[in-house]
Amino acid sequence: GDPIVAVLCGSAVNQDGRSNGITAPNGLSQQAVIRRALHNAGLEPGDMGYMEAHGTGTALGDPIEVEALKAVLSPGRAKEPPCYIGSVKSNIGHLEAGAGIAGFIRATLILQHGEIPPQLHLNTPNPHFSIQDTNLRFATALEAWPEAVKPRRAGVSSFGFGGTNAHVIL
């Protein structure tokens with residue numbers, strides 16, 4: 001009798017492999033894990049409306065992650081409706097091993113309420129990446145998730161310190 005607010009419809013896990021160091025993410029591996037999760041869910045990149053990024057707020061990691069999201073989600077996708085990107089870490093910090101589940105909970109709440117919360121403390125985007133000419137967007141104020149013909153879909157990324165990448169589709 002409990003209400004169902006989200007369904008896990010696809011997931012994938014991989015490993016960074018060779019990178020520039022233990023704290024340096026591998027963008028190609030991030031792309032691959034997101035593509036595999038989409039494939040496992042039977043979805044196309046254009047089906048996604050929200051991506052809960054790992055989003056550590058670092059000068060190195062965030063540009064790599066945003067570029068990976070652009071590479072997977074932007075080609076062949078119309079400008080509208082956009083795919084929003086956010087990260088719970090600006091609200092509650094990193095949480096180390098709990099970071100992935102915190103992002104999962106946030107994405108589930110976004111699906112349940114149909115609202116995209118603003119990215120807290122985002123005044124000036126990182127100058128090492130740009131989403132200006134893409135269909136990706138950061139919410140700067142609370143926004144209603146646009147009604148669509150398709151069900152709402154959200155992805156959640158969690159990238160471990162040792163190079164493990166995980167992505168789930170809700």
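## His167 and its surroundings

The side chain of His167 forms a polar contact, at 2.8 Å, with the side chain of Ser157. The structure described here is a predicted model. His167 lies in strand E8, which spans residues 164-169. With a relative accessible area of 0%, His167 counts as buried, because that class takes in values under 20%.

Apart from neighbours within four places in sequence, His167 has contacts with Gly10, Ser11 and Ala12, with Val33, Ile34 and Ala37, with Met51, and with Gly155, Val156 and Ser157.

## Strand E2 and its link to E3

Met51, one of the residues in contact with His167, also stands opposite Ile85 in strand E3. Strand E2, residues 50-52, pairs with E3 in the parallel sense, and three bridges join the two strands. Together with helix H2 (residues 61-73), E2 and E3 make up a right-handed β-α-β unit.

## Strand E3 between its faces

Side chains in a regular strand alternate between the two faces of the sheet.

## Pairing of E3 with E5

E3 also pairs with strand E5, residues 136-138, in the parallel sense over three bridges. Within E5, Leu136 is the bridge partner of Cys83.

Terms used. Residues are numbered from 1 along each chain as its sequence is written. This is a predicted model: local features need pLDDT of at least 70, side-chain atom pairs count only at pLDDT 80 or more; totals for chains, interfaces and linings use all residues. Side-chain values use heavy atoms; hydrogens and water are left out. Two strands pair if DSSP finds at least two bridges between them. Helices (H or I, at least four residues) and strands (E, at least two) are DSSP runs, numbered from the N terminus. A crossover is right-handed if, with the strands pointing away from the viewer, the path from the first strand over the helix to the second runs clockwise. Buried means under 20% relative accessible area, exposed over 50%, partly exposed in between (1.4 Å probe, protein chains only). Contact means heavy atoms within 4.5 Å. A polar contact is a pair of N or O atoms within 3.5 Å; within protein, one must be able to donate a hydrogen and the other to accept it, and residues adjacent in sequence count only if both atoms are side-chain atoms.
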